[in-house]
Amino acid sequence: PWTVGGEVFRQENLGTGAVRDVAEVRGRYTALRYEFLAGLRHAEDTFSTIGAQRSEQATFGGRYQLNARTAFRFQHDQSLGGYNESSDYPTRTTLGADYKLSDSATLFADQEWTSGSNQDSTTSRVGIKAAPWTGSQISSTMEQQVTENGVRLFSTLGLKQGWQVNRNWTLD
């Protein structure tokens, strides 16, 4: 029931010279109807014009399966030590619900609040995710964001296909 994972990556913007470094470690406990997760994250964005913007975070969350069709989720990323500067890794709280329409389609809704050194926001999301054939995922989402710059309403549509190459490798 326990799993441990992590991620380390560097992203470089060739046009601007900006660099993002992220390192994360997380643990997950899974039981029949619920799961809990917790971790630590370091994210640092370095810009040639303004220097480094850093977020140091403790993350935790969970999921509760109410019945065969309905599940509830929560996730909180808490910035620590006054380091809450990375634009994509602010202090964030997300509450969500999933409703399974069929074996291959799920309706979801999320409410998210962020609080960062550079911007605060509120985002409402509703959409559908489907897996009509093996390795596929189709998603459509409608979002409304409220920030210091005003209200923004938009939609996204995505298609992802994965192939199992062998026991250890999958391509998307």
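How far apart are the mean positions of the positive and negative charges of the protein chain? In this predicted model, local features need pLDDT of at least 70 and side-chain atom pairs count only at pLDDT 80 or more, whereas totals for chains, interfaces and linings use all residues. Residues are numbered from 1 along each chain as its sequence is written, and side-chain values use heavy atoms, with hydrogens and water left out. The mean positions of the 17 positive and 19 negative charges lie 9 Å apart. Lys and Arg count here as positive and Asp and Glu as negative, with His and the chain ends not counted; each charge is placed at NZ of Lys, CZ of Arg, CG of Asp or CD of Glu.

The protein chain contains zero helices and twelve strands, where helices (H or I, at least four residues) and strands (E, at least two) are DSSP runs numbered from the N terminus. Its C-alpha trace spans about 50 × 40 × 30 Å along the principal axes. Of the 172 residues, 29% are buried, that is, under 20% relative accessible area, with exposed meaning over 50% and partly exposed in between (1.4 Å probe, protein chains only).

A nonpolar surface patch of about 850 Å² includes Tyr-34, Phe-60, Phe-72 and Trp-113 among its members. Strand 3 (34-47), strand 4 (51-65) and strand 5 (70-84) each supply at least two residues of this patch. Trp-113 belongs to strand 7 (residues 105-115) and counts as partly exposed because its relative accessibility is 39%. Accessible areas come from the Shrake-Rupley method with a 1.4 Å probe, and for residues only the protein chains shown count as cover.

Note on methods:
Patch = residues over 30% accessible without salt bridge, like charges linked within 9 Å, V, L, I, M, F, W, Y side chains within 5 Å. Salt bridge = Lys/Arg side-chain N within 4 Å of Asp/Glu carboxyl O.
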